[in-house]
Amino acid sequence: MSDWRGDTFEIRLGAPGHGGFCVGRHEGRVVFVRHGLPGELVRAVVTEDRGGSFCRADAIEILEAAPDRIPATCPVSGPGGAGCCDFSFATPRAQRALKATVVAEQLRRLAGVERDIVVEPIAGYPADSTAGWRTRVRLAVDARGRAGVHRHRSTGVITDLRCPQPVPGAVDGIGERDWTPGAELVIAVDGDGVRHIVELAPVDVEPREGSRRGRGRADSDGRARGRDARGRGGRPGRGPRASAAELSGTQGLASAGTERRNAAARRAATHAPREEWVLAGSGRAVEYVSGRRWEIAATGFWQAHRGAAQCYSDLIAEWSGLEPGDLAWDLYSGAGVFAARLAEQVGADGAVRAVESARSAVADGTAALHDLPWVDLRADRTERWIVEHASGAAPAAVVLDPPRAGAGKEVIATLTEAGPARIVHIGCDPAAFARDLGLYQNAGYTLTDLRAFDAFPGTHHVECVALLRR
Ligand SMILES: C[S@@+](CC[C@H](N)C(=O)[O-])C[C@H]1O[C@@H](n2cnc3c(N)ncnc32)[C@H](O)[C@@H]1O
């Protein structure tokens, strides 16, 4: 089987596919080409070829440009660069049109739904800008202690922090400081404008004794502490601490297979408990939705776009159709942002049951919703919780905002058997979202409304919200 990696050729690009590329054909094979637009003629270099019916390539020269092409607004994400702003060379309107095409295609293929899709800017956010929206930034730290973003489909670290996504000030000064080699940085700019910087221990560092969060406290001015202070505070100093994976990624020596294995190992390790050091702010991010105040772990989940939590919460309030005294569920609830809105609708004579697997989010949500005692926020896996609750009274409305992989067969089977009148389903992966919609339809629910939001401007990512009724 021939391996085209490194080959270059001219190729005419067709429709966009799910994942931030356009589809073309070369010598009978399908080629997924990043950094191009439909209709463009480009010179492409093959970046990945596993020998199957398709390979992946980057457009490295634009021979015939589409009218929607603009100079890239992100200097970090071009061919061979980071995976952050993979649509930054298209007008914002064209970016939304690309995403709409992808959502429509996934709905057609995976849910049998024929529907024109419009991708809207997040409410209150300018339609002609793709910068300054991200309030949560996660950075890698390379073997030399420099913070950066991962090269696309690689463990390699690019230490150029000029990506335009973060809200103003989020990454100021980060590139000039030294960090613990192999660590990750979580930066959160909260609703009060306070910046929190938390370092997550390298995955190859053994957990230490003492409290898990904020040992030795952060500097109040947000400066990362120097080597001596780090040692005293329990945070490892700089040194030759990088793992083989980081070294190979940084030096660009790893094979594609090694890169994939490293990436898989890194993803798995990312979800394992890790020691955290709060280096700026308090590590407790304050957020507001509809006048309610949350205080949550800066490393915990919060919608990344600064306007997203309010935008989705307003739509849920509009679509849930709840009356005072009703029962509602909020599945995968995080800190209960949607549960709070549902609770206001059902009132003290009603009830809201919410479930979330992250214990810290449940604790933070319970504190934020202390004045709504008819909300029951539980720490559990939705898969288990729903089986226990499905045989009770049917909820009038259920909101689900599952992680990227979607809710899946088991949860949706149990949920549809419970028989809520309305389901509001939120999904950030168009394929998983479409598969879940297909499951609802097979169980007798009808898609009655659908909106798609440009919650990740500059990227190929898109958030969809569906209303289903029995
Ligand atoms: C996309 S977030 C939505 C959070 C919340 N709706 C919000 O807007 O803040 C998905 C949430 O599901 C949680 N989660 C992931 N897997 C879960 C599971 N199996 N059961 C319950 N919660 C889960 C995550 O911790 C995360 O808080």
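User: Which residue follows α6, and is its phi positive or negative?
Analyst: Gly347 follows α6. Its phi is positive, near 70°. This is a predicted model, numbered from 1 along each chain as its sequence is written, with pLDDT of at least 70 needed for local features and 80 or more for side-chain atom pairs. Totals for chains, interfaces and linings use all residues, and side-chain values use heavy atoms, without hydrogens or water.

User: Why is α6 described as largely enclosed by the rest of the structure?
Analyst: α6 covers residues 337-346, and eight of its 10 residues are buried, so the helix is largely enclosed. Buried means under 20% relative accessible area, exposed over 50%, and partly exposed in between (1.4 Å probe, protein chains only). Helices are DSSP runs of H or I with at least four residues, strands are runs of E with at least two, and both are numbered from the N terminus.

User: Which residues of α6 are buried?
Analyst: Val337, Phe338, Ala339, Ala340, Arg341, Leu342, Ala343 and Val346.

User: What makes Phe21 and Phe32 a stacked pair?
Analyst: A search of the whole structure finds seven aromatic pairs. In this one, the ring centres of Phe21 and Phe32 lie 4.3 Å apart and the planes meet at 20°, so the pair is stacked. Rings of Phe, Tyr and Trp (its six-membered ring) pair with centres within 6.5 Å; planes under 30 degrees apart are stacked, over 60 edge-to-face, the rest tilted.

User: What does the UniProt record say about residues 2-61?
Analyst: The unreviewed entry annotates them as "domain: TRAM". In the model, that span is 0% helix and 58% strand, and its end C-alpha atoms lie 24 Å apart.

User: Why is Arg153 called partly exposed?
Analyst: Its relative accessibility is 43%, so it falls in the partly exposed class. Arg153 sits in the loop between β9 (147-150) and β10 (157-158). Its phi is near 50°, a positive value in a residue other than glycine.

User: What about Ser290: which class does its accessible area give?
Analyst: Ser290 has a relative accessible area of 37%, so it is partly exposed. Its place is the loop between β14 (284-289) and β15 (292-297). Ser290 is not a glycine, yet its phi is positive, about 50°.

User: What makes the Thr135 and Arg136 side chains a polar contact?
Analyst: The contact is 3.2 Å. A polar contact is a pair of N or O atoms within 3.5 Å; within protein, one must be able to donate a hydrogen and the other to accept it, and residues adjacent in sequence count only if both atoms are side-chain atoms. Thr135 lies in the loop between β7 (119-121) and β8 (136-141). At 10% relative accessibility, Thr135 is buried.

Definitions and conventions. UniProt positions are given in the numbering used here, feature names are shortened, and annotations may be inferred rather than shown by experiment.
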